[in-house]
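User: I have a structure open and would like to learn how to read it. Can we go through it step by step?

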Amino acid sequence: MKLTVVGCSGSYAGPESAASCYLLQVTDERSRPWNIVLDLGSGAFGALQRFVEPVELDAVALTHLHADHVADVSGLDVYRRYHPMYSGRCLRAPLLVLGPAETPQRFAALCGERPVPDPEPAFALAAWNVGEPVRIGPVTITPYKAWHPIEAYCLRIEGPSEAEPGRNVILAFSGDTALCDGLIEAASGADLLLCEAAFVTGRDDAIEGLHLTGSQAGAAATRAGARRLALTHIPAWNTPGVALAEARQSYAGEACEVTVGQQFVL
């Protein structure tokens, strides 16, 4: 299992990074590669093409429907429908997209209304059910309820290790959330917790139910027993290193603030 940071800027695309987007790549026992995108926020589709051809995607998993996590599905829709190499026909079969219950309405707003039924759908949309695993090739993704102003999920992703063949590994992705039980459940025993840390202690303390501080992200990793912590979704207006310094006060394990292009091999 390999995770590549495509975009990691929090709440909006920053000058150095697109908004949230991560490419998960796993090879199954038949040596078939699988490519799964976790979120596709504003500015991310262009950056994604540096790491994978969009035609090679197997699924998109959306934690929630805020623009900084979903806006660039409009570019993916155009690519799949109108790339001239494919004579105007939709690429392959419809691409699996997993997300909240209102994903069809959000896609219609972003991509434009389509006939119902759509004779050439670009996407096959499916809704998450809390605690219900979804199998995609050699990977299992289980959603847990996050604490955010809209329907949102923390994801627990299990699949074969690339670093240690023969072993299964666990990647947990917080999406956007305040500290909650769903985050701890998703991250329990994780080999890597990819966790948002948008807030700063002392600056954002009065805001509840939205984001984590670095200290809270570290506390979540400690409570969950996560082996590594990667902090992400840090807005461009935050001072670099503040989230990591906070996290190290509540988490003793290996930790970092992610950067664009950074890869984690699990």
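User: In β4, which residue is the bridge partner of Val 37?

Analyst: A word first: this is a predicted model. Now the general idea. Strands of a sheet pair through backbone hydrogen bonds, either parallel or antiparallel. In this case, the partner of Val 37 in β4 is Val 60. The bridge belongs to the pairing of strand β3 (residues 33-40) with strand β4 (residues 59-61), which is parallel and has three bridges.

User: In what order do the strands of the open sheet lie?

Analyst: Seven strands make up this open sheet, and the order is β6-β5-β4-β3-β2-β1-β14. The pairing is mixed. At the edges are β6 and β14, and each pairs on one side only. Neighbouring strands are turned by 20° against each other on average, direction ignored.

User: How many bridges join β1 to β2, and how many join β1 to β14?

Analyst: β1 and β2 are antiparallel, with five bridges. Val 5 faces Tyr 22 in β2 there. With strand β14 (residues 263-265), β1 has three bridges, again antiparallel. Thr 4 has Gln 263 as its bridge partner in β14. β1 is also mostly covered, with five of its six residues buried.

User: Which helices pack on the sheet, and at what angles to β6?

Analyst: Look at α3 and α4. Helix α3 (residues 73-82) lies across β3, β4, β5 (95-99) and β6. It runs at about 140° to β6. Helix α4 touches β5 and β6, and its direction makes about 145° with that of β6.

User: How do I read an aromatic pair? How many does the structure hold?

Analyst: Check how far apart the ring centres are, then the angle between the planes. An angle over 60 degrees counts as edge-to-face. The structure holds four aromatic pairs. In one of them, Tyr 22 and Phe 173 have ring centres 5.2 Å apart and planes at 65°, so the pair is edge-to-face. Tyr 22 is in strand β2 and Phe 173 in strand β10 (residues 168-173), so the pair ties together parts 151 residues apart in sequence. Both residues are buried.

User: What kind of pair do Phe 107 and Phe 123 form?

Analyst: Theirs is edge-to-face, at 5.3 Å centre to centre and 80° between the planes. Phe 107 lies in helix α4 (residues 103-111) and Phe 123 in strand β6 (residues 123-127), so this pair links parts 16 residues apart in sequence. Are they buried or exposed? The cut-off for buried is under 20% relative accessible area. Phe 107 has 5%, so it counts as buried. Phe 123 has 12%, so it is buried too.

User: Where is Ser 20, and what does it contact?

Analyst: Ser 20 sits in the loop between β1 (2-7) and β2 (21-27). Its relative accessibility is 1%, so Ser 20 counts as buried. Leaving aside neighbours within four places in sequence, its contacts include Gly 7, Asp 39, Asp 68 and His 233.

User: Which residues touch the most other members of the largest nonpolar core?

Analyst: They are Leu 3, Leu 24, Leu 38, Ile 157 and Leu 171, out of 31 residues in that core. Take Ile 157. Beyond neighbours within four places in sequence, its contacts include Leu 24, Leu 38 and Leu 171. A second, separate core has 29 residues, among them Cys 180 and Leu 244.

User: What sits over the ring of Trp 34?

Analyst: The charged end of Arg 32 does, 3.6 Å from the ring centre.

Conventions. Residues numbered from 1 in each chain as written. Predicted model: local features only at pLDDT ≥ 70, side-chain atom pairs only at ≥ 80, totals over all residues. Heavy atoms only, no water. Helix = DSSP H or I, 4+ residues; strand = E, 2+ residues; numbered from the N terminus. Buried < 20%, exposed > 50% of the residue type's maximum accessible area, 1.4 Å probe, protein only. Contact = heavy atoms within 4.5 Å. Phe/Tyr/Trp six-rings, centres within 6.5 Å; stacked < 30°, edge-to-face > 60°. Lys NZ or Arg CZ within 6 Å of the ring centre and 35° of its normal. Core = buried A, V, L, I, M, F, W, Y, C linked by side-chain atoms within 4.5 Å. Pairing = 2+ DSSP bridges. Axes fitted to C-alpha atoms, helices over the stretch in contact; angles between N-to-C directions.
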